[in-house]
Amino acid sequence: MFLTFRWFGADDPVSLQNIQQIPGVKGIVSALYDVPAGDPWPRDRVVRLAETVHDAGLELSVIESIPVHEDIKLGRPTRDRLIDNYAESIRQISAAGVGVLCYNFMPVFDWMRTDLAMRLPDGSVTLAFDDAALARIDLSNGTGDLPGWAHAYTRDEMAALLAAYRGVTNEQMWEHLAYFLERVVPVAEEFGVAMALHPDDPPWPIFGLPRIITDCAALERVVSLVDRPANGLTFCTGSLGSRPDNDVVAMARRFAARRRINFAHCRNVRLTGERRFHEVPHPSAYGDVDMRGVLAALRDGGFTGPMRSDHGRMIWGEHGRPGYGLHDRALGATYLSGLWEGLAGH
């Protein structure tokens, strides 16, 4: 395992110099955030990003992410051209020396929270999700400033996308994912890039949209669609752990032993009701994820890939991108590093 840290580029309030000072962190997780979904990534810009990271004494280890265009998820006729562009982007990140690509296959929305500033009893601020609160969100005017995706949709764009997905079944989503993977995984394998599919967050349908990457059976199906090591998973403890029926430790053990976990996101969540949770400090005692058990399973399974401390609280008066402040994620990284070191004699 080697520790990485998410960085959102030059506009990120958390600088590369800040990150370099976190003990044990050697890698950076980043992307070209302004390239429209579906466009091929320019090689010179990916190389420049890698050089910027390298000049700060770190390594661009993971791209998170190259967005999958909605036409691919919907199985529209334009998907072949868009998949060709995606494959070209994979070639370009490989040319920049990046070996892992984290991506997702969630319709319209990426990760979703209904509260970006829930105050905890200790005064810290965290991310929270409540299905009842989600039901009260009105999408008729577009996405506005809601969290969870890189692209904001207008009222008309949102209405068109929701209408397009209305008749799409889970099985059709699986067919569209298979079509995509059958074409991009061989390219990734050829160019030495390990693909790492992120589970849906949260792992259940939202706004009536299908979500399929939700549990152990789904992860099993993903890796069997194209049964090659380059077709792997981002093992996100918080996403999977927000479903009480997911045995996250057993899942980590299962897929690590098969060498299909290509990236690990580690964060903790506290389940507070039916489809209701909030994020908490990383150590096991604070939430419902047995972080020690997960890391022991990863270590016993021979996991050697990148890991990052995922979403953190805002603490010590910090302000910034919700979930992506410096201080709590740095604490999480050092906790994960110490836990991993302590497991060496386990």
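One definition before we start. Here Ala, Val, Leu, Ile, Met, Phe, Trp, Tyr, Cys and Pro count as nonpolar, Asp, Glu, Lys and Arg as charged, and the others, Gly among them, as polar. Now the ground rules. This is a predicted model: local features need pLDDT of at least 70, side-chain atom pairs count only at pLDDT 80 or more, and totals for chains, interfaces and linings use all residues. Residues are numbered from 1 along each chain as its sequence is written, and side-chain values use heavy atoms, with hydrogens and water left out.

We use a 1 Å grid over the protein atoms alone. A cavity is a set of points where a 1.4 Å probe fits but cannot get out. A pocket is an open set with protein on both sides within 12 Å along at least five of seven lines. Lining residues have an atom within 4 Å of a point. Points are joined across faces, edges and corners, and a volume is the space filled by probe spheres set on them.

How many cavities of 30 Å³ or more does the structure hold? One. The volume of the largest cavity is about 70 Å³. Its lining has 14 residues, and Gly38, Asp39, Ile66, Pro67 and Tyr86 lie nearest the centre. By class, that lining has nine nonpolar, four polar and one charged residues. Helix H4 (residues 79-95) gives the largest share, four residues. Helices (H or I, at least four residues) and strands (E, at least two) are DSSP runs, numbered from the N terminus.

Next, the second largest pocket. Its volume is about 250 Å³. Seven of the lining residues are nonpolar, three polar and three charged. Buried means under 20% relative accessible area, exposed over 50%, and partly exposed in between, with a 1.4 Å probe and protein chains only. A nonpolar core is a set of buried Ala, Val, Leu, Ile, Met, Phe, Trp, Tyr and Cys residues joined through side-chain atoms within 4.5 Å. In soluble globular proteins, nonpolar side chains tend to be buried together.

The largest nonpolar core has 101 residues, and Ile19, Tyr86, Leu177, Phe180, Met195, Leu295 and Leu298 touch the most other members. The largest share of this core, ten residues, is from helix H7 (residues 170-190). There is also a second, separate core of six residues, including Val29, Val62, Cys102 and Ala196.

What does Phe180 contact beyond its neighbours within four places in sequence? The partners are Val68, Ile72, Ile83, Tyr86, Tyr103, Phe105 and Met195. Contact means heavy atoms within 4.5 Å.

Now Leu74, in helix H3 (residues 70-74). Leu74 counts as buried because its relative accessibility is 11%. Leaving out residues up to four places away in sequence, Leu74 touches Ala164, Tyr165, Val168 and His176. Its C-alpha is 7.3 Å from that of Met173, 99 residues apart along the chain.

Val125 is in strand E6 (residues 125-130). Is Val125 buried or exposed? Buried, because its relative accessibility is 14%. Val125 touches residues including Leu116, Met118, Arg313 and Met314.

Helix H12 next. H12 (residues 327-342) has 16 residues and reaches 23 Å from its first C-alpha to its last, close to the 22 Å expected at 1.5 Å a residue. That expected span is 1.5 Å times one less than the number of residues. Among the buried residues of H12 are Asp328, Arg329, Leu336 and Trp340. Their cover includes strand E1 (2-6), strand E9 (261-266) and helix H11 (291-300).

Last, some backbone points. Glu64 and Ser65 are joined by a cis peptide bond, with omega about 0 degrees. Ser65 sits in the loop between strand E3 (59-64) and H3. Asp201 and Pro202 are joined by a cis peptide bond too, with omega about 0 degrees. Pro202 is in the loop between strand E7 (194-197) and helix H8 (216-225).

Val108 is not a glycine, yet has a positive phi of about 65 degrees. At 4% relative accessibility, Val108 counts as buried. Phe207 has a positive phi as well, near 55 degrees. Phe207 lies in the loop between E7 and H8, and is partly exposed, with a relative accessible area of 23%.
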